[in-house]
Amino acid sequence: SITSFFLLLAAPLLGSWRLLLAEIIHLPFFRRRAVIVGVNTASDSLLRELRRSRRSGLAVLGYISSNSKAPFEHDGLPILGNKSMLHTLIERQVIDVIIMSMDYKMHPELFQVALEAAQHGISVVPMTLVYENLSGKIPVKHVGEQWYAALPVEMNLSPLYLCWTRLLDLCFGLCAS
C-alpha cells in the first residue's frame, strides 16, 4: 500500500519535474552561442534546419565570412566579419561553438583560428554533424572531401548533464532498493 502510494505520487511529480527542467534548459539564457564560418549553400541548409528545429540548444549570432567585401547580412543573420572578428569573439569569450561550413583547403587561415579556439575550450564542429544532430539525416551533398565528419563521433556532454544523470541514477537506485 505504501509502495503504490509512492508510485502514484512519484510518477506525476517526476514527470512534471522532467518537463519543467526540459523547458528551463532550452531558455535562451542556457543556449550555447555559436557562429557559422562560411556563407555558402551548406550554411544555408544548416540555417534552414536550425530554424525548423524546436530545441536546437544553439543561439546562432551570425556568420564569419572569408570575403572581406561581404554584405552586412545573409538570410536574416548578420555577417559579423572575417577571421579577425572570429579571433576577437574567441578572445572576448563571446561564443561557445564554431560551426565550420567551408572546406579547409579553401581558407586555411580560418581553420587555423578555429583550431586555436578549440584550445581555449570552444567547440569546433563541422556543419554536417550539427545538421545530422538536428535532423537525423546526413547532408550528403555538403559532405565533400570531409566525409569523415559524417561518421558517428562521441558527443561532448556537459558536466552538469553528467552530474544530473548520475544523481538521478543514484536516487532511483535508492528508491528501488
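## Helix α2 and what covers it

Let's start in α2, where Ala 42, Ser 43, Asp 44, Ser 45, Leu 46, Leu 47, Glu 49 and Leu 50 are buried. Buried here means under 20% relative accessible area, while exposed means over 50% and partly exposed is in between, all with a 1.4 Å probe and protein chains only. This is a predicted model, so local features need pLDDT of at least 70 and side-chain atom pairs count only at pLDDT 80 or more, while totals for chains, interfaces and linings use all residues. Residues are numbered from 1 along each chain as its sequence is written, and side-chain values use heavy atoms, with hydrogens and water left out.

What sits over those buried α2 residues? The cover includes the strands β1 (32–37), β2 (58–64), β3 (73–74), β4 (77–81) and β5 (97–100), along with helix α5 (127–135). Contact, here and below, means heavy atoms within 4.5 Å. As for length, α2 has twelve residues (41–52), and at 1.5 Å a residue they should span 16 Å; the C-alpha atoms at its ends are 17 Å apart, which agrees. The expected span is 1.5 Å times one less than the number of residues in the helix.

## The chain as a whole

The chain holds six helices and six strands, and from the N terminus on they come in the order α-β-α-β-β-β-α-β-α-β-α-α. Both kinds of element are DSSP runs numbered from the N terminus: helices are H or I with at least four residues, strands are E with at least two.

Of the 177 residues, 29% count as buried. Take the contacts with a separation of 6 or more, and 66% of them are between residues 24 or more positions apart.

## Around the start of α2

Asn 40 sits in the loop between β1 and α2 and counts as partly exposed because its relative accessibility is 25%. One of its side-chain oxygens reaches to within 3.2 Å of the backbone nitrogen of Ala 42, at the start of α2. A polar atom of the Asn 40 side chain also lies 2.7 Å from the backbone oxygen of Ser 101. For a polar contact, the pair must be N or O atoms within 3.5 Å; within protein, one must be able to donate a hydrogen and the other to accept it, and residues adjacent in sequence count only if both atoms are side-chain atoms. Neighbours within four places aside, Asn 40 is in contact with Ser 101 and Met 102. Its C-alpha atom is 9.4 Å from that of Ser 65, 25 residues apart along the chain.

A polar atom of the Ser 43 side chain is 3.2 Å from the backbone oxygen of Gly 38. Not counting residues up to four places away, Ser 43 touches Ile 36, Gly 38, Tyr 63 and Ser 101.

On the α5 side, Met 127, Thr 128, Leu 129, Val 130 and Tyr 131 are buried. Their cover includes α2, β2, β5 and β6 (123–126). After α5 comes Gly 136, with a positive phi near 80°.

## Two helix pairs

The axes of α1 (2–25) and α6 (159–176) come within 14 Å and cross at roughly 175°. The two helices are therefore roughly antiparallel. Axes are lines fitted to C-alpha atoms, for helices over the stretch in contact, with angles from 0 to 180 degrees between N-to-C directions. Under 35 degrees is roughly parallel, over 145 roughly antiparallel, 65 to 115 roughly perpendicular, and the rest oblique. Phe 6, Leu 14, Trp 17, Arg 18 and Leu 21 of α1 make the contact with Trp 164, Leu 168, Phe 172 and Cys 175 of α6.

How are α3 (83–91) and α4 (108–119) set against each other? Their axes come within 10 Å and cross at roughly 5°, so this pair is roughly parallel. Lys 83, Leu 86, His 87 and Ile 90 of α3 meet Glu 109, Leu 110, Val 113, Glu 116 and Ala 117 of α4.

## A positive phi in a loop

Most residues other than glycine have a negative phi. Gln 93 is not a glycine, but its phi is positive, about 55°. Gln 93 lies in the loop between α3 and β5 and counts as exposed because its relative accessibility is 62%.
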